[in-house]
Amino acid sequence: MDDPPLHTTLARLGLPGAAVHRFPDGSLPVYAVGDDLVLKFYPDDDRDEARTEAAVLRSLAGALSVPTPGVEATGTADGWHYVLMRRLRGHGLDEVWPTLSRPERERLTERLGAVLAELHGVDDPAVADLGPDDWATFLRRHRAAVVAAQRGLGLAPHWLAQIPDYLDRVDLGTPAPVLLHTEFLPAHVLVRHDGTRWLPSGLLDFEPARTGAAEYDFVAVGMFLTRGDPVLLRRFLRGYGIAEHPGTGFARRCLAYTLLHRYANLPGYLAALPAPARPELTALADAWFG
């Protein structure tokens, strides 16, 4: 991928002399501009993601108890699309997490459950039909490709053989669509310490956002935040507003969405998360989401 037109864009935005540095992580080129701004570029193939991020950030302005970046400008330059946004303050939760005590992790996990519930409660016509396709079409497309995709990632044959029957037996229903982050994981959460405890201070990276079933967002939570820890999952769900144990149906649906997620990587998850008692997808659902 060619480098984005950084200096041309800065000049167009009236920031020709601003100090810039590129953030080292992430799949897209993102630059800090001075102390208060961030400039994010999207290649033309990802132009829908640029539009999505700008639309969602505008809808979320002031809507959550945790800040999200405010949009300052959008545009195109030399075949690239960009969003200039306000920079949020804090430390990445993925960096802070290893330093937290168990009680701190549980408390912060519950607070993040409340944040996700707020996101799912956003009701704005501007983001009601985020695509590029409708939810049913999205699921059908990923259902048709899931076995081949996981085989390509190296999933063992005994797991591959179970996927079609498992998905056939899980009833995903027709849930009311909500605004989904789709990657609600520690790398996209900022936290700050107020002198007494760690608190969420920002939620980032909405370019893959869309609308769909709320449980789809629990995939990233289960894989990257609670990581098969049943106590942390219960704390998250309590913060979200699910006071009682949601039952096996919830666990089965979450694993189904884990398989159907656009970034699904079951062999990677199996290598990183606790192994189930039996080499069966139903046991895996219970181990990670039960």
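# Close-up views of a predicted model

Just after helix H2, Gly-62 takes a positive phi of about 75°. The model is predicted, so local features need pLDDT of at least 70 and side-chain atom pairs count only at pLDDT 80 or more, while totals for chains, interfaces and linings use all residues. Residues are numbered from 1 along each chain as its sequence is written, and side-chain values use heavy atoms, with hydrogens and water left out.

**View 1. Helix H2 and its surroundings.** Helices and strands are DSSP runs numbered from the N terminus (helices: H or I, at least four residues; strands: E, at least two). H2 has 14 residues and reaches 20 Å from its first C-alpha to its last, close to the 20 Å expected at 1.5 Å a residue; the expected span is 1.5 Å times one less than the number of residues. Its buried residues are Glu-49, Ala-50, Thr-52, Glu-53, Ala-54, Val-56, Leu-57, Ser-59 and Leu-60. Buried means under 20% relative accessible area, exposed over 50%, and partly exposed in between (1.4 Å probe, protein chains only). The elements that cover these residues include strands S3 (37-43), S4 (71-77), S5 (80-86) and S7 (178-180), together with H4.

**View 2. Thr-52 within H2.** Thr-52 lies in helix H2, residues 47-60. Thr-52 counts as buried because its relative accessibility is 11%. Beyond its neighbours within four places in sequence, Thr-52 is in contact (heavy atoms within 4.5 Å) with Leu-130, Phe-206, Glu-207 and Ala-209.

**View 3. An open sheet of three strands.** The strands follow the order S6-S8-S9, with antiparallel pairing. S6 (91-92) and S9 (198-203) are the edge strands, each pairing on one side only. Two strands pair if DSSP finds at least two bridges between them; S6 and S8 (residues 189-193) are joined over two bridges. Leu-190 in S8 is the bridge partner of Gly-92. Helix H4 (residues 102-120) lies across S8 and S9 and runs at about 35° to S9. Axes are lines fitted to C-alpha atoms, for helices over the stretch in contact, and angles run from 0 to 180 degrees between N-to-C directions.

View 4. The 13 residues of H10 (residues 248-260) should span 18 Å at 1.5 Å a residue, and its end C-alpha atoms are 18 Å apart, which agrees. Among the elements covering its buried residues are helices H5 (135-152), H7 (163-169) and H12 (281-289). A nonpolar core is a set of buried Ala, Val, Leu, Ile, Met, Phe, Trp, Tyr and Cys residues joined through side-chain atoms within 4.5 Å. Of the 74 residues in the largest core, Leu-93, Tyr-166, Leu-281 and Trp-288 touch the most other members. H10 gives the most to this core, with eight residues.

**View 5. Aromatic pairs.** Rings of Phe, Tyr and Trp (its six-membered ring) pair if their centres lie within 6.5 Å; planes under 30 degrees apart count as stacked, over 60 as edge-to-face and the rest as tilted. The whole structure holds 13 aromatic pairs. Tyr-31 and Phe-41 form an edge-to-face pair, 6.0 Å centre to centre with 85° between the planes. This pair links Tyr-31 in strand S2 (residues 30-33) to Phe-41 in strand S3, ten residues apart. Phe-218 and Tyr-240 are also edge-to-face, at 5.1 Å centre to centre and 70° between the planes. Phe-218 and Tyr-240 are both buried.
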